[in-house]
Every structure is written in structure tokens, then in C-alpha cells.
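Here are my notes on this entry. Please read them with the structure open.

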Amino acid sequence: RCSPLFVYSAALSALVAMTLLSALLGRSVPTLLPDTYTKMLAAVLFFAFGLKMLKEGYEMAPNEGLSSEI
């Protein structure tokens, strides 16, 4: 329904906005929290996402992750 130029410019604008927000938050948030809390939060999140991926992997069918092109 929309022109390709409009879709491209909207996607590019969103990418630029997210990049700027990520850079600003990545620079300011770690300075607000002590280094110990930042490392602890990163470790907890890493562990939680790892457990989530393991859970999803165990719930998958044996051939669900395989491509039919192989």
C-alpha cells in the first residue's frame, strides 16, 4: 500500500533512532549503577536466557530445527 521509498525511509529512521538510543543508554546507564550490580545483572540475565533456550530446545520435536534443504 505504501511506496517503497516511504517504507525504506521509515525503516532507516527507526534504525537510526534505535542506534542513537542504544548508544546513549549504553553510555549513561552503566555509570548510574555500581560496577558490581551491572556485572551481577548481566550474569543473571545471561543465565536466565540460557535456561530459556535450553527449555525451548528440550520442548522441540527432534527434527524441528533442521532445514529440509540439508
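1. A residue counts as exposed when its relative accessible area is over 50%. Lysine 39 has 58%, so it is exposed. The model is a predicted one.

2. Overall form. The protein has 2 helices and 0 strands. Its radius of gyration is 20 Å, whereas a compact globule of 70 residues would have one near 11 Å. The C-alpha trace spans about 50 × 45 × 20 Å along the principal axes.

3. Burial and surface. Of the 70 residues, 0% count as buried. The accessible surface comes to about 6,900 Å². Carbon and sulfur atoms hold 73% of that surface.

4. Helix H1. This helix covers residues 4-32 and includes leucine 20. Leucine 20 is exposed, at 53% relative accessible area. A nonpolar surface patch is formed by Leu5, Tyr8, Leu12, Leu15, Val16 and Leu20. Together they have about 650 Å² of accessible area.

5. Salt bridges. The count is 3. Aspartate 35 pairs with lysine 39 at 3.4 Å, N to O. Lysine 52 pairs with glutamate 56 at 2.5 Å. Lysine 55 pairs with glutamate 59 at 3.0 Å.

6. Spacing in helix H2. Aspartate 35 and lysine 39 are 4 residues apart in this helix (residues 35-59), so about one helical turn separates them.

7. Exposure of the paired residues. Lysine 52 is partly exposed at 44%, and glutamate 56 is partly exposed at 38%. Lysine 55 and glutamate 59 are both exposed.

8. Charge. The protein has 5 positive and 5 negative charges, and their mean positions lie 13 Å apart.

Definitions and conventions:
Residues numbered from 1 in each chain as written. Predicted model: local features only at pLDDT ≥ 70, side-chain atom pairs only at ≥ 80, totals over all residues. Heavy atoms only, no water. Patch = residues over 30% accessible without salt bridge, like charges linked within 9 Å, V, L, I, M, F, W, Y side chains within 5 Å. Areas by Shrake-Rupley, 256 points an atom, 1.4 Å probe, with all protein chains shown as cover. Salt bridge = Lys/Arg side-chain N within 4 Å of Asp/Glu carboxyl O. Buried < 20%, exposed > 50% of the residue type's maximum accessible area, 1.4 Å probe, protein only. Rg over C-alpha atoms; globule rule 2.2 N^0.38 Å. Lys, Arg positive; Asp, Glu negative; His and termini not counted. Charge placed at Lys NZ, Arg CZ, Asp CG, Glu CD.
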